[in-house]
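Here is a structure to go through term by term.

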Amino acid sequence: MELSTRYLGLTLRNPLVASASPLSKTVDGVRRLADAGVGAVVLYSLFEEQLHREALQDARRAEAGTESFAEALSYFPAGAGEDHGPRRYLNLLERAARAVSVPVIGSLNGSTPGSWARYARSMQDAGAAAIELNIYYLPGDPHIRSGDVEQRHLDILARVKDAVTVPVAVKLSPYFSATGEMVRRLDEAGADGLVLFNRFLQPDIDPETLTVVRAVSLSTPAEIRLPLTWIALLRGRVGASLAATTGVESSIELIKYLLAGADVVMTASALLRHGPEHAAVLLDGLCEWMRRKGYATVEELRGLLATPVGADETARERGDYVSALQHANSTDYGPW
């Protein structure tokens with residue numbers, strides 16, 4: 001069974017990529033992921049706030065700038081710049097890239113142009129095969145214009161592309177008024193890959209303690225629908241590689257994303273739940289399904305269920321929506 005694929009101009013042994021997570025915080029963790037069979041590893045993210053902490057580690061917090069920045073710094077304990085910051089990250093990246101035969105991709109997480117370019121270059125020098133820009137920006141201020149949000153993404157990409165020669169992927173959210181146009185603009189601006197989609201923190205409320213609960217929940221297969229839709233719509237319409245992420249628990253989700261047109265499929269939650277070795281389970285399931293369906297290579301099945309190029313995408317989506325509702329209206333859901 002031939003599983004090799006291309007992503008960001010890189011040749012991977014298969015389309016399963018371990019996305020950024022605590023599993024890649026050590027060389028041993030990266031090695032376990034590679035030994036389990038993944039095609040590439042995205043190293044855990046280096047945060048913009050950590051970059052600022054290193055740059056200002058000898059300054060008092062009161063001199064750090066805005067209140068929002070001071071609050072962001074408070075999320076990282078004292079000494080984080082030394083133990084978990086940029087220097088440790090680059091050292092880990094260098095050792096991990098030497099320890100495994102699969103590509104190791106550096107990850108930068110932030111929301112402003114800032115110092116991304118310099119650290120992206122440092123990641124490249126440390127051995128990163130590519131850079132993933134995880135642009136986590138939720139514009140809570142109602143006075144921020146949508147055009148400014150979009151331009152911020154383009155500015156960050158431009159700065160990093162000017163600084164590095166390795167491929168650059170952008171991980172973005174689905175919450176643009178025109179996601180397709182934003183993807184097209186990033187593609188035209190030189191993004192080598194697009195990772196769909198980032199998951200924003202969605203805090204809960206504890207009514208007993210009257211507190212806001214800030215916790216990251218692992219994704220579930222129910223969350224696959226939105227990225228699946230956009231992968232199918234974008235396949236063949238942009239030059240950038242398409243990476244699908246969110247909701248991958250079993251080989252079923254892996255197969256669905258490939259049929260929609262994903263070049264690679266990323267997962268973190270399933271590997272956190274079941275351990276890095278679960279990657280082999282996902283790949284075995286893909287191979288078994290391919291044998292059963294008569295596919296010898298991943299390329300034979302990739303994009304089979306994507307929206308055909310040249311079709312009226314908007315009309316097709318509207319038609320599918322109406323058909324789904326009509327089916328729901330004619331379905332007997334039993335007694336209410």
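This is a predicted model: local features need pLDDT of at least 70, side-chain atom pairs count only at pLDDT 80 or more; totals for chains, interfaces and linings use all residues.

Residues are numbered from 1 along each chain as its sequence is written, and side-chain values use heavy atoms, with hydrogens and water left out.

Q: Why is L8 called buried?
A: Buried means under 20% relative accessible area, exposed over 50%, partly exposed in between (1.4 Å probe, protein chains only). L8 has 6% relative accessibility, so L8 counts as buried.

Q: What is the phi of L8, and where is L8 found?
A: Phi is near 60°, a positive value in a residue other than glycine. L8 lies in the loop between β1 (5–7) and β2 (10–12). Strands (E, at least two residues) and helices (H or I, at least four) are DSSP runs, numbered from the N terminus.

Q: Why does T246 count as buried?
A: The relative accessible area of T246 is 11%, so T246 is buried. T246 sits in the loop between β12 and α10. Its phi is near 100°, also positive in a residue other than glycine.

Q: Why point out such phi values?
A: Because most residues other than glycine have a negative phi.

Q: What makes helix α10 mostly covered?
A: In α10 (residues 251–260), 8 of 10 residues are buried. Among them are L254, I255 and Y257.

Q: Which peptide bond is cis?
A: The one joining L196 and F197, with omega about 5°.
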